[in-house]
Amino acid sequence: MRYTVFVDGQEGTTGLQINEYLAQRADIELLKIAADKRKDLAERKRLINASDVTFLCLPDAAAKESVALVDNPRTCVIDASTAHRVHPDWVFGLPELCPEQRAKIRASKRIANPGCHASAFILAVRPLIDAGLIAADTQLAANSITGYSGGGKSMIAEYEAASGSTALKAPRAYALALAHKHLPEMQAYTGLTAAPIFQPIVGPFYKGLAVTVYLHPAQFTRTAGPADVQKILADYYADEAFIKVHPVDLDATTVNGFYDVEANNGSNRVDLAVYGNAERMLLIARLDNLGKGASGAAVQAMNVHLGVTESLGLV
């Protein structure tokens with residue numbers, strides 16, 4: 001069977017990557033909008049409603065505008081913006097979230113694509129909440145380091161224009177007011193009753209992301225060491241093709257003790273690793289912020305919704 005797909009916002013970082021994923025597929029017909037009609041509401045409406053699936057790769061306000069254009073009940077909308085991620089009428093597009101999530105994605109015509117930082121944090125923390133090791137009211141803290149492509153076209157241009165200077169050579173912490181836009185979904189889909197203390201950092205590299213969650217065993221509901229945390233994660237994701245839970249082995253998961261943030265670039269994979277000891281632990285989730293953190297996740301959700309092989313077109 002052949003499906004028609006429209007990418008509204010096809011020239012943005014996420015839209016370009018989705019187009020690249022889908023252009024190689026024989027089961028997909030990509031609907032294109034002419035360059036001079038990208039802001040033409042009538043043309044966008046026509047293409048959205050002619051599609052089986054429309055991806056919204058737009059700012060929040062524009063994404064809401066596009067949703068209002070849908071009048072074809074068969075059109076599935078997958079929104080990559082933050083506009084609908086915790087909306088009660090939208091399904092969160094993270095198939096690995098819990099056992100029933102794939103059925104929800106399959107049945108829904110409104111799917112909200114997860115944020116990059118949020119995907120890593122949720123995949124790391126949700127199993128520990130579900131297992132009862134961490135109480136829902138625990139105040140967790142985490143940071144994330146990510147490549148500059150996460151900032152979109154303007155940040156990419158800023159970094160690439162400064163390639164000959166030292167201005168952007170060092171990592172830069174941001175969202176220091178502790179109100180990052182991913183916090184609502186990080187709280188909602190882990191089951192936490194309080195948003196985590198979350199502090200992201202942009203690094204002088206194009207893509208790659210690692211979220212580090214700080215685990216204090218004194219906050220656990222029962223005695224547990226790194227191996228116990230690792231087992232909870234490994235059991236939770238035992239059947240997940242895109243998620244690898246590594247053994248507790250510093251030498252096997254680092255290069256001379258250094259963690260490679262870019263190791264999953266070009267893929268839809270997520271790595272989870274636990275470090276530390278009985279007194280303090282780190283839980284790290286690594287992914288490609290443009291892959292599983294954005295475009296790859298959107299395509300994976302589309303595959304689930306359409307009922308085709310979930311990994312089709314992904315690596």
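**Close-up 1. The side chains of E96 and K292 meet in a polar contact at 2.9 Å.** A polar contact here is a pair of N or O atoms within 3.5 Å; within protein, one must be able to donate a hydrogen and the other to accept it, and residues adjacent in sequence count only if both atoms are side-chain atoms. Welcome to a predicted model, in which local features need pLDDT of at least 70, side-chain atom pairs count only at pLDDT 80 or more, and totals for chains, interfaces and linings use all residues. Residues are numbered from 1 along each chain as its sequence is written, and side-chain values use heavy atoms, with hydrogens and water left out. You will find E96 in the loop between β5 (91-92) and α4 (101-107); helices (H or I, at least four residues) and strands (E, at least two) are DSSP runs, numbered from the N terminus. E96 is buried, at 2% relative accessibility. Buried means under 20% relative accessible area, exposed over 50%, and partly exposed in between (1.4 Å probe, protein chains only). Beyond its neighbours within four places in sequence, E96 has contacts (heavy atoms within 4.5 Å) that include R102, L123, Y236, Y237 and K292.

**Close-up 2. Y214 sits in strand β10 (residues 209-215).** With a relative accessible area of 31%, Y214 is partly exposed. Its side chain makes a polar contact with the side chain of N143 (2.9 Å). Not counting residues up to four places away in sequence, Y214 also touches L140, A141, A142, M281 and L282. Look for A120 too: Y214 and A120 are 94 residues apart in sequence and 14 Å apart in space, C-alpha to C-alpha.

**Close-up 3. Helix α8 (residues 226-236) has P226, V229, Q230, I232 and L233 as its buried residues.** Seen down the axis of α8, these residues fall within an arc of 155° (taken from the directions from the helix axis to the C-beta atoms), so they line one face of the helix. Among the elements covering them are α5, β10, β11 (243-245), β12 (270-276) and β13 (281-287).

**Close-up 4. T14, C57, L58, P59 and G152 lie nearest the centre of the largest pocket, which is lined by 47 residues.** On a 1 Å grid over the protein atoms alone, a pocket is an open set of points where a 1.4 Å probe fits, with protein on both sides within 12 Å along at least five of seven lines; lining residues have an atom within 4 Å of a point. Elements that each supply at least two lining residues include β1 (3-8), α1 (13-23) and α10 (291-306).
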